[in-house]
Amino acid sequence: MNIETIAIHAGNIVTDSQQPAVMPITLSTTFQHQEESLIYSRANNPNRMALEQVLTQLEYGEDAAAFSSGNAAGMAVFQALEPGSHVIAPDDMYHGLRNQLVSIFKGVLSVSFVDMGNVDAVAAAFLPETALVWIETPSNPLLKIAPIEAIVKVAKSHACKVVCDNTFATPIFQNPLKLGADIVMHSTTKYLGGHSDILGGALVTKQKDAFWGRVKMIQHTGGAVPSPFDCYFLCRSIKTLPYRMKAHAANGKGVAAYLDTHPMVEKVYYPGLRSHLGHQVAAQQMKDFGGMLSFLIKGDAAVADNFVSKLHYFTNATSLGGVESLIERRAASEGPDSLTPPNLIRVSVGLESLEDLLLDMNQAFQ
């Protein structure tokens with residue numbers, strides 16, 4: 001099946017004798033004992049089985065594990081590592097998972113933050129106890145691009161696992177497992193949910209090995225799993241994911257091009273721009289460049305806040321990937337320990353009319 005067909009059909013499991021065209025929600029927390037059947041909803045549920053099935057096929061993996069949030073999904077990977085393990089992570093990384101590494105896992109795991117666009121820097125960061133390379137490409141919020149295949153080659157020479165956060169690209173534009181990564185991570189809250197109304201996360205593995213067995217044990221025993229409702233609505237949203245992503249990417253290119261020539265803009269971070277540092281690598285490993293971008297406005301934090309406050313069609317809010325356009329001064333959301341420039345504005349370009357979005361930005365700049 002092509003990816004549009006996978007998105008529509010792989011998330012349907014017929015569990016009803018009436019043969020509904022759309023899989024119903026199964027709310028029962030427990031199931032009658034039968035051989036090889038469901039037992040308890042924390043362990044599994046028909047709707048979660050459907051969600052994990054469609055995610056597995058979208059990422060061309062062997063198995064998937066759905067979680068109650070993206071942070072829970074990422075944490076399951078870190079929890080699966082042996083205490084004392086060393087992690088190599090991006091210097092530009094989603095702050096929620098970065099905070100886990102430096103706070104929750106302080107004293108349990110050690111971490112080196114490196115520029116993932118520099119393969120030599122990645123290679124130099126390996127230690128005898130390195131067990132995991134965490135890739136995030138495009139990264140949040142600077143849209144840095146990491147060459148997945150090149151990093152995998154280095155990691156495999158050290159017998160290390162490679163996990164790639166594919167949230168910004170989605171399975172529609174990038175498939176890290178095909179490029180050699182061992183596990184793909186998603187915040188399903190974002191583009192896979194697509195409507196800013198579902199919280200979730202997921203991991204997809206290339207193979208069911210011992211490490212994946214630990215991840216599944218953590219999912220089951222830890223219990224940070226999505227509800228049947230969340231799984232149902234994620235499956236429903238995924239049906240339109242391929243077509244939504246095409247529109248997000250088209251609007252993203254238009255907004256990036258507009259900002260790239262605006263006199264009030266110091267720099268634009270969008271991998272679809274030829275001037276972007278990682279453009280060539282992104283063009284090789286991505287099918288399109290997505291709807292996420294960030295830019296530096298000329299001025300300080302107050303200038304950035306003033307610009308954001310004057311917009312009508314961009315909601316000043318955290319998160320991304322919804323049909324509506326979202327915008328924020330990113331450092332304000334990340335808190336006092338943020339490494340993000342105070343005048344950086346992150347934009348999740350939605351599915352509104354591109355003409356309306358550009359007119360809105362134009363009046364805000366004026």
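## Cysteines

C235 is buried, at 8% relative accessible area (buried is under 20%, exposed over 50%, partly exposed in between, with a 1.4 Å probe and protein chains only). The closest cysteine sulfur to that of C235 belongs to C231, 6.9 Å away, too far for a bond. C160 is buried as well, at 2% relative accessibility. Its sulfur lies 16 Å from the closest cysteine sulfur, in C164, again too far for a bond. The structure holds zero disulfides, a disulfide being a pair of cysteine sulfur atoms within 2.5 Å.

## Basis of the values

This is a predicted model: local features need pLDDT of at least 70, side-chain atom pairs count only at pLDDT 80 or more, and totals for chains, interfaces and linings use all residues. Residues are numbered from 1 along each chain as its sequence is written, and side-chain values use heavy atoms, leaving out hydrogens and water.

## Nonpolar cores

In soluble globular proteins, nonpolar side chains tend to be buried together. Here the largest nonpolar core has 36 residues. A core is a set of buried Ala, Val, Leu, Ile, Met, Phe, Trp, Tyr and Cys residues joined through side-chain atoms within 4.5 Å. L51, L55, L58 and I238 touch the most other members. Elements that give two or more residues to this core are α1 (3–9), α2 (46–58), β1 (63–67), α7 (170–173), β7 (201–205), α9 (228–238), α10 (241–260) and β9 (292–297). These elements are DSSP runs numbered from the N terminus: helices are H or I with at least four residues, strands E with at least two. Helix α2 gives the largest share, five residues.

Leaving aside neighbours within four places in sequence, L55 is in contact with A64, L192, A202, V204 and I238. Contact means heavy atoms within 4.5 Å. Another core, of 29 residues, lies apart from the largest one. Among its members are L259, F289, L311 and F314.

## Salt bridges

Side chains of opposite charge can pair when their charged atoms come close. The structure holds 13 salt bridges. Each is a side-chain nitrogen of Lys or Arg within 4 Å of a carboxyl oxygen of Asp or Glu. K216 pairs with E52, with the closest N and O atoms 3.9 Å apart. K216 sits in helix α8 (residues 210–222) and E52 in helix α2, so this bridge links parts of the chain 164 residues apart. K216 is partly exposed, at 22% relative accessibility. E52 is buried, at 8%.D182 and K156 meet in a bridge of 2.5 Å, N to O. D182 is in the loop between α7 and β6 (183–186), K156 in helix α6 (residues 148–157), and the two are 26 residues apart. D182 is buried, at 8% relative accessibility. K156 is partly exposed, at 37%. The side chains of K253 and D288 meet at 3.0 Å, N to O. K253 lies in helix α10 and D288 in the loop between α11 (279–285) and β9, so the pair ties together parts that are 35 residues apart in sequence. K253 is partly exposed, at 37% relative accessibility, while D288 is buried, at 15%. Salt bridges with shared partners join R48, E52, D63 and K216 into one network.

## The Q174 site

Q174 lies in the loop between α7 and β6. The residue is buried, with a relative accessible area of 0%. The side chain of Q174 reaches the backbone oxygen of T137 at 3.0 Å. A second polar contact, of 2.8 Å, joins the side chains of Q174 and N166. A polar contact is a pair of N or O atoms within 3.5 Å; within protein, one must be able to donate a hydrogen and the other to accept it, and residues adjacent in sequence count only if both atoms are side-chain atoms.

Not counting residues up to four places away in sequence, Q174 touches E59, T137, I148, N166, A169, Q285 and M286.

## Aromatic pairs

Rings of Phe, Tyr and Trp (its six-membered ring) pair if their centres lie within 6.5 Å; planes under 30 degrees apart count as stacked, over 60 as edge-to-face and the rest as tilted. The count comes to six aromatic pairs. Y232 and F233 form an edge-to-face pair, 5.1 Å centre to centre with 85° between the planes. F233 is partly exposed, at 29% relative accessibility.

Y258 and F365 form a tilted pair: 6.4 Å centre to centre, 45° between the planes. This pair links distant parts of the chain, with Y258 in helix α10 and F365 in helix α14 (residues 354–365), 107 residues apart. Y258 is buried, at 17% relative accessibility. F365 is buried, at 13% relative accessible area. Ring pairs link Y258, F295, F307 and F365 into a cluster.
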